[in-house]
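Biologist: I have a new model open and would like to learn how to read it. Could you walk me through it?

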Amino acid sequence: MDVTQATFDKYVGMTGTTLVAGMPLERDTLRRFVQAIMDTDPLYLDAEYAKGTKYGNTVAPPLYPVHAFRPALGGPDPLAVVQQDPDADGSGGNDGVFFGLTPIESPFKRLLNGGNEIEFFRCLAVGERCVANARYADVRLREGKSGALLLVTIETTFSTEAGDKLLVNRQTLIWR
């Protein structure tokens with residue numbers, strides 16, 4: 001595949017399908033999440049404590065919306081590709097970064113997370129369902145020390161079903 005910047009210009013501004021988390025945030029899901037990240041702030045676990053805060057309810061940690069979308073029960077194992085392809089990078093098909101976007105066609109196979117810029121608005125409360133809307137904010141072809149690189153910035157807005165903005169994640173991906 002012959003690649004030039006023009007090959008990738010069509011992706012800039014492209015939006016994905018709106019994704020809605022499979023279920024509203026449940027107390028047990030929240031409990032397991034905060035145990036996994038080892039952050040047992042009473043705001044996340046103690047409903048009585050949370051009532052007395054500005055949130056008025058038990059809420060998830062600020063970054064939870066990024067992890068609120070899980071593979072469907074009975075669906076394919078996202079890491080099965082590693083078993084079939086010893087050169088796979090373990091990103092499991094990249095569903096966790098595209099959030100409904102059509103993947104970019106390119107000859108680049110290796111993926112590196114180039115970082116995230118996150119703007120927080122509020123936390124997801126127990127009983128609320130998370131919604132994600134992603135778009136390609138920038139797609140740039142660059143030359144690196146080891147050859148061509150593709151820098152992709154995906155901007156994903158996470159909100160509630162009611163439309164309250166939770167956070168905006170601008171993630172840079174480096175493909176080589």
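Modeller: Happy to, and let us begin with a term: a nonpolar core is a set of buried Ala, Val, Leu, Ile, Met, Phe, Trp, Tyr and Cys residues joined through side-chain atoms within 4.5 Å. Buried means under 20% relative accessible area, exposed means over 50%, and partly exposed is in between (1.4 Å probe, protein chains only). Please keep in mind that this is a predicted model, where local features need pLDDT of at least 70, side-chain atom pairs count only at pLDDT 80 or more, and totals for chains, interfaces and linings use all residues. Residues are numbered from 1 along each chain as its sequence is written, and side-chain values use heavy atoms, with hydrogens and water left out.

Biologist: Which residues have the most contacts inside the largest nonpolar core?

Modeller: That core has 38 residues. Helices (H or I, at least four residues) and strands (E, at least two) are DSSP runs numbered from the N terminus, and α2 (27-36), α3 (42-45), β3, β4 and β5 (165-175) each supply at least two residues of the core. Strand β3 gives the most, with six residues. The residues with the most contacts inside the core are Y136, L150 and V152.

Biologist: Which residues is V152 in contact with, leaving aside its neighbours within four places in sequence?

Modeller: Contact means heavy atoms within 4.5 Å. With those neighbours set aside, the partners of V152 are I104, Y136, D138, V139, Q171, T172, L173 and W175.

Biologist: How many aromatic pairs does a search of the whole structure find, and which residues form a cluster through ring pairs?

Modeller: Rings of Phe, Tyr and Trp (its six-membered ring) pair if their centres lie within 6.5 Å; planes under 30 degrees apart count as stacked, over 60 as edge-to-face and the rest as tilted. The search finds five pairs, and one of them is the tilted pair of F69 and F158, at 6.3 Å centre to centre and 45° between the planes. F69 is in the loop between α5 and α6 (80-84) while F158 is in strand β4 (residues 147-160), so this pair ties together parts that are 89 residues apart in sequence. F99 and F158 form an edge-to-face pair, 5.2 Å centre to centre with 90° between the planes, and ring pairs link the cluster F69, F99 and F158.

Biologist: Is F158 buried or exposed?

Modeller: F69, its tilted partner, is partly exposed with a relative accessible area of 22%. F158 has 0% relative accessibility, so F158 counts as buried.

Biologist: Now for charges: which residue forms a salt bridge with R135?

Modeller: A salt bridge is a side-chain nitrogen of Lys or Arg within 4 Å of a carboxyl oxygen of Asp or Glu, and the structure holds eleven of them. For R135, the closest N and O atoms are 3.4 Å apart. The pair links distant parts of the chain, with R135 in strand β3 and its partner in strand β4, 20 residues apart. That partner is E155.

Biologist: What are the residues linked in a network of salt bridges?

Modeller: R135 is partly exposed at 31% relative accessibility, whereas E155 is buried at 17%. Both belong to the network. Its members are E117, E119, R135, E155 and R170.
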